[in-house]
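Thank you all for coming.

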Amino acid sequence: MPLERDAQGQLHLGGVSLSAVAADAGTPAYVYDLDAVAASAHALTAAFDGAAGHLVAYAVKANTAGPVVRTLAAAGCGADVVSGAELLVALACGVSPDRIIYSGVAKTDRELDGAIGVGQRGIRAVQLESVEEIARVEARARAAGRRFGVSIRVNPSVDLGEVTHAHIATGHDEAKFGVAREDAGRAVELVGASPYLELVGMGMHVGSQLRETGAYVEAARSLFELVRALRASGKARSLVFVDTGGGFGVDYGTGPAAAPAEFVRAARAEQRAFGLDDLALYVEPGRSLIAAHGVLLARVIQTKVADAARWLMIDAGMNDLIRPALYQARHRVVPLRGAVDPARSRGWRVVGPVCESSDDFGEHPLPAEPPAEVALLDAGAYGYTMASRYNGRQLPVEVFVSGGGVVGRTERVSIEAWAEERARAGGIT
Ligand SMILES: Cc1ncc(COP(=O)(O)O)c(C=O)c1O
């Protein structure tokens, strides 16, 4: 069940009244519809048309909550992790090690040991993001006495300047991510020369919030062209997969984005065109599986009306949802009770309590007489996972909905516990 209003104008997510959740759990609170998350994974998996060995490696960074990761694992997803801690979450949620890939530009030895040492053979692959990293990963594999699977994340040199926000574009020449295309051949040779490393994949991830398939396909072509050339010259014979990354965009209210399945179909078509159909296709979606299926609930603390603006001050701030401050992102703000009548709405500048000018969710059409509670929409991805305790604020709680009811929720840590911990920092009192 999507986000919908009942006949009385009450907003529901997954069949659960959000006013009731706010009353029970307090605010700020994230609410996730696990059934809708599972449905989005199934829709994406169907786009592979049963292609052998394919993998939807859910980018755990988007939302690390166990119920979300478990739901996606049960729907057939593996995991793409970017830290030792995320790897532990994925494993604890039942993701099989051979369905986990590990990206990241600066993995510590301890993190590498965790990835190499798990299970019978370690995880599916560590994604190498620089030539320099190869010797480090090899040293850890040698220390573990294991031959270990690696994938080379290539930076396909695609400028997404016009396509997405600069902070979430990762596949251009100045990005710290990935092995430069011209260094990829050398990286393949170095891996091939190691008795401890096995090159199982070649991949990329060009950025996030791509609303059309064009730039993604362009980058995939660049990757596939490279892989085809390497194989033609007798290299990279051990490859098992190509990985075209995540980045499928969502509609934050500014117009539809291409469905994740369209990205997969387009990448598959290119893969076939380049004669690489013997390799499995991996993708690494985060946002597109979960963003639309989560909301952030907040209470209105007060209004402030001046000549310059009309502010609606809510109890959720940039510490709870940092995307607007970090990426100038916009999340629609809607009342929990009563739809907004455009003819009678006023523009309210919705801001949080954090002591920063950037604690600002933008102007939204809301009733002239402001609502008591609001929801910030499409907040399931990169919401709680980027939350902080800045200004001593409590972390928001998370509420999980499935089968038309609440199936679990986290507890709010008290401000007293935080104050005590800060006051005693370093054991000096
Ligand atoms: C390596 C990697 N893969 C996948 C993703 C997921 O991207 P998205 O949430 O846009 O699908 C990210 C996000 O930044 C990433 O860094």
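I will talk about a pocket, then a residue in a loop, and finally a strand.

This is a predicted model, in which local features need pLDDT of at least 70 and side-chain atom pairs count only at pLDDT 80 or more, while totals for chains, interfaces and linings use all residues. Residues are numbered from 1 along each chain as its sequence is written, and side-chain values use heavy atoms, with hydrogens and water left out.

The second largest pocket holds about 330 Å³ of space. A pocket here is an open set of points on a 1 Å grid where a 1.4 Å probe fits, with protein on both sides within 12 Å along at least five of seven lines, and lining residues have an atom within 4 Å of a point. Its lining has 21 residues, and those closest to the centre are Val250, Asp251, Ala292, His293 and Asp378.

Turning to the loop, Asn63 is found between β5 (55–59) and α3 (66–74), where helices are DSSP runs of H or I with at least four residues and strands are runs of E with at least two. Asn63 counts as buried because its relative accessibility is 3%, the cut-off being under 20% with a 1.4 Å probe and protein chains only. Leaving out residues up to four places away in sequence, Asn63 touches several others, including Tyr32, Ile290 and Glu398, contact meaning heavy atoms within 4.5 Å.

Notes: Points joined across faces, edges and corners; volume = space filled by probe spheres on them. Buried < 20%, exposed > 50% of the residue type's maximum accessible area, 1.4 Å probe, protein only.
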